[in-house]
Amino acid sequence: MIHLRRQDFEELDHVFRINLINSCSGFKSANLIGTKSNLGIPNVAVFSSVTHLGSNPPLLGVVFRPVTDVPRNTYENIKETGQFTINHIDASIIQEAHHTSAKYDKDISEFEITALEEEYKNGWHAPFVKNAPIQIALTYCEEYEIKANGTIQLIGEIKDLFIQSELLEDDGFVNLSKANIVAINGLDGYAVPSLKERLAYQRPKKILKTK
């Protein structure tokens with residue numbers, strides 16, 4: 001087994017280190033975040049940092065890299081309008097979704113560059129990604145600076161949730177594997193997970209004491 005110590009990281013090639021640290025934590029969610037500026041310019045970008053933060057109220061978190069280095073169109077649009085959407089990526093749009101990681105100027109919409117289509121419903125200002133199997137509309141709640149590296153943890157509250165009917169099971173479980181929804185390994189590795197099994201809620205086992 002390869003053993004790397006903290007001090008070893010500093011001696012690694014820059015790209016190697018980025019790939020290593022981004023992939024060693026395991027598979028991450030693969031989502032497209034849709035926003036629109038106050039000037040009416042739509043934006044869509046791939047993110048692998050969406051996390052569940054709570055069910056009541058229903059909160060999701062997104063991590064943004066430091067906004068002082070380069071323009072962060074998604075972050076800026078969320079702060080301008082207070083709205084954004086999260087759309088799951090399925091296997092049929094991997095290449096188009098990944099291309100949204102390219103850095104375009106704020107006045108250029110990725111919807112115009114890629115084959116991804118914007119969709120508007122329920123009076124929402126921010127665009128959804130058309131045909132995404134799961135579409136989530138959120139409003140901005142709050143944010144926290146992670147002082148260790150200058151990134152921002154932004155928190156949004158779910159206001160509308162759209163799910164393809166065949167994915168939702170009777171107990172509320174959303175079976176992502178039925179829609180070939182992908183996960184991200186590192187920065188550029190896309191995988192299609194399949195559901196192995198669901199296990200019951202676990203309670204402590206009774207421990208029999210021996211004399």
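**View 1. The largest pocket of this predicted model holds about 1,400 Å³ of space.** A pocket here is an open set of points, on a 1 Å grid over the protein atoms alone, where a 1.4 Å probe fits, with protein on both sides within 12 Å along at least five of seven lines; its volume is the space filled by probe spheres set on the points. The lining comprises 43 residues, and those closest to the centre are F47, V63, R65, R72 and L187, a lining residue being one with an atom within 4 Å of a point.

**View 2. Elements and residue classes in the lining of the largest pocket.** At least two lining residues come from each of α2 (14-23), β3 (42-47), β5 (58-64), α3 (73-81) and β10 (151-163), and α2 gives the most, with five residues. Helices (H or I, at least four residues) and strands (E, at least two) are DSSP runs, numbered from the N terminus. The lining holds 18 nonpolar, 16 polar and nine charged residues, where Ala, Val, Leu, Ile, Met, Phe, Trp, Tyr, Cys and Pro count as nonpolar, Asp, Glu, Lys and Arg as charged, and the others, Gly among them, as polar.

**View 3. The second largest pocket, with a volume of about 710 Å³.** Among its 30 lining residues, L60, H88, I134, I136 and L176 lie nearest the centre. Two or more lining residues come from each of β1 (28-29), β4 (51-55), β5, β6 (83-88), β9 (134-146) and β10, with β4 giving the largest share, four residues. This lining divides into 19 nonpolar, ten polar and one charged.

Residues are numbered from 1 along each chain as its sequence is written. Totals for linings use all residues of the predicted model, whereas local features need pLDDT of at least 70 and side-chain atom pairs count only at pLDDT 80 or more, and side-chain values use heavy atoms, with hydrogens and water left out.
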